[in-house]
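Hi,

Here is the model I promised to pass on.

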Amino acid sequence: MFSRSALRSLAQDLRLTTPSAIPSAPLPQRVFLHQAASLRNAQPQSSTQSSSLNPDTPLSATPQAQDTQPEIQQGFKAPSGNPTTTPNTPADTFIPQTRNHIPIEKQPVPPTFDSPLKVTQSLMSRLPHLVGQTPHYIVAELHARPYLLTEGDHLRLPFLMPKVKPGDVLRFNRATALGSRDFTLKGTPHVDERLFECRVRVTGVESEPLRIKEKTKRRQRHVKKALSKHRYTVMRVMDVKVKTPDELLQEGTQVVEDAEDSPEIETRA
Amino acid sequence: MPVQALRTVTAARNGVGAFILQCKRLDFHYCDWAGSSRGMNEFLRQNLPAFAREHPQIEIRVAPRPRKHPIIRGHFVNGKDKTICVRNLEPSDILKQTLLLKDASGEKLKRTKKPVTSTNDSVRGIWSPYHGDLRGV
């Protein structure tokens with residue numbers, strides 16, 4: 001419930017302070033808490049945030065998830081330090097406002113790219129065709145199971161995902177295929193996660209009806225009944241987006257010569 | 001001309017844009033006299049204030065239900081409700097049942113075999129024998 005409570009506190013702050021104090025706050029805040037990256041908000045290399053978590057790893061040209069951070073945190077500190085605003089939250093209700101308030105296991109994992117994304121020339125030349133044709137589908141993998149997803153789909157995982165709450169946003173970063181009506185980008189075996197964005201929102205937990213399996217042994221009247229009632233995490237796909245070549249180049253993607261095992265966009269026969 | 005029902009123009013897809021928690025109200029019923037409410041009464045004193053503070057979007061009602069077992073009833077956005085009897089349960093177990101109602105969608109429990117359900121049209125289109133290349137046998 002971090003996002004909701006944080007958004008709420010943000011809204012309260014916004015009501016109290018002038019609009020100019022926090023520029024364009026609500027969306028980046030949600031983005032901040034859930035490692036959701038928006039390229040529009042992406043800033044060029046800011047070392048303050050990423051250095052604390054993963055100092056040695058040279059990040060890719062744009063580690064998007066981290067880039068919005070420093071600005072946001074300043075935006076949050078400004079109203080709290082402002083004497084005109086009154087703290088409207090009681091002391092016992094704790095609402096996380098900066099990254100330091102969130103436990104380490106809930107924080108987004110920083111990307112561990114050791115080199116910028118390399119895209120072949122043929123892929124770069126055909127990518128606009130794929131990007132321009134909507135809608136898109138993605139074959140995202142989670143625990144080695146593929147899920148074919150489009151925007152707005154309802155996803156019921158075959159397991160209960162730990163440590164998530166309704167309202168949390170997850171980003172699927174492993175895909176075997178991305179496609180539109182006529183084009184498919186196939187991974188070898190996976191598509192690089194910097195080529196696309198796929199976000200899902202946890203909407204709750206569902207359960208199956210109670211199942212009763214009757215266990216019998218021969219020549220025995222006794223029937224043992226095994227009960228099972230599993231719980232499943234339910235999600236909704238928020239967006240499936242393929243990045244445009246311009247966005248890729250902006251992130252510092254290198255265009256290289258074609259190779260044998262590089263992913264390619266296939267056209268439908 | 002037969003009477004036609006109003007058609008829905010859009011289908012609700014909670015979570016794509018905004019997200020609304022489906023549990024909108026929780027009713028806690030207890031009994032002051034009966035022993036099966038002992039855990040419930042302790043839960044109402046110890047745990048419920050913190051739970052209510054963490055979930056301001058859920059309306060919480062506490063009402064006595066004399067000479068009956070304690071229950072929790074959750075009301076959901078889709079108009080349905082779910083009731084759980086919490087007789088003789090410890091406060092920690094009652095909290096688990098409360099969280100179950102909070103996370104639930106209010107729908108009837110169903111056994112599904114496919115993980116993904118979609119209302120969108122097929123991205124790749126429907127196969128047609130009259131289009132595309134002719135393949136040799």
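**Strand pairs in chain A**

S7(A) and S13(A) pair in the antiparallel sense, with four bridges between them. Here two strands count as paired if DSSP finds at least two bridges between them. Helices (H or I, at least four residues) and strands (E, at least two) are DSSP runs, numbered from the N terminus. Before you go further: this is a predicted model, where local features need pLDDT of at least 70 and side-chain atom pairs count only at pLDDT 80 or more, while totals for chains, interfaces and linings use all residues. Residues are numbered from 1 along each chain as its sequence is written, and chains are lettered from A and ligands numbered from 1 in the order in which they are written.

A hairpin with three residues links S6(A) to S7(A).

**Helix H6 of chain A**

What does S7(A) have to do with this helix? Strand S7 (183-191) of chain A is one of the elements that the buried residues of H6(A) pack against. The others are strand S1 (118-120), strand S11 (231-242), helix H7 (245-250) and strand S13 (264-267), also of chain A. H6(A) itself covers residues 121-132, and its buried residues include Leu123(A), Leu127(A) and Leu130(A). Seen down the axis of H6(A), the buried residues fall within an arc of 70 degrees, so they line one face of the helix. (The arc is that of the directions from the helix axis to the C-beta atoms.) As a reminder, an α-helix has 3.6 residues a turn, so residues three or four places apart point the same way. On the other side of H6(A) you will find Gln121(A), Ser125(A), Pro128(A) and Gly132(A), which are exposed. For the cut-offs, buried is 20 or more other C-beta atoms within 10 Å of a residue's own, exposed is 12 or fewer, and partly exposed is in between, with C-beta atoms placed from the backbone.

**Chain B**

Chain B has three helices and five strands, in the order β-α-α-β-β-β-α-β from the N terminus. Of its 137 residues, 18% count as buried. Strand S3 (residues 71-76) of chain B pairs antiparallel with strand S4 (residues 81-85) of chain B over five bridges, and Gly74(B) has Lys82(B) as its bridge partner. The two strands form a hairpin with four residues between them, and Gly79(B) in the turn has a positive phi of about 95 degrees.

**Where the chains meet**

Which strands make up the open sheet, and in what order? The five strands run S5(A)-S8(A)-S11(A)-S4(A)-S5(B), with antiparallel pairing. Strand S5 (169-171) of chain A and strand S5 (116-117) of chain B are the edge strands, each pairing on one side only. Two bridges connect strand S4 (residues 154-156) of chain A to S5(B): His154(A) is partnered with Thr117(B), and Leu155(A) with Val116(B).

Across the interface, 26 residues of chain B are in contact with 32 residues of chain A (contact means C-beta atoms, placed from the backbone, within 7 Å). Helix H2 (48-54) and S5 of chain B each supply at least two residues of the side that touches chain A.

Key: Two residues are in contact if their C-beta atoms, placed from the backbone, lie within 7 Å.
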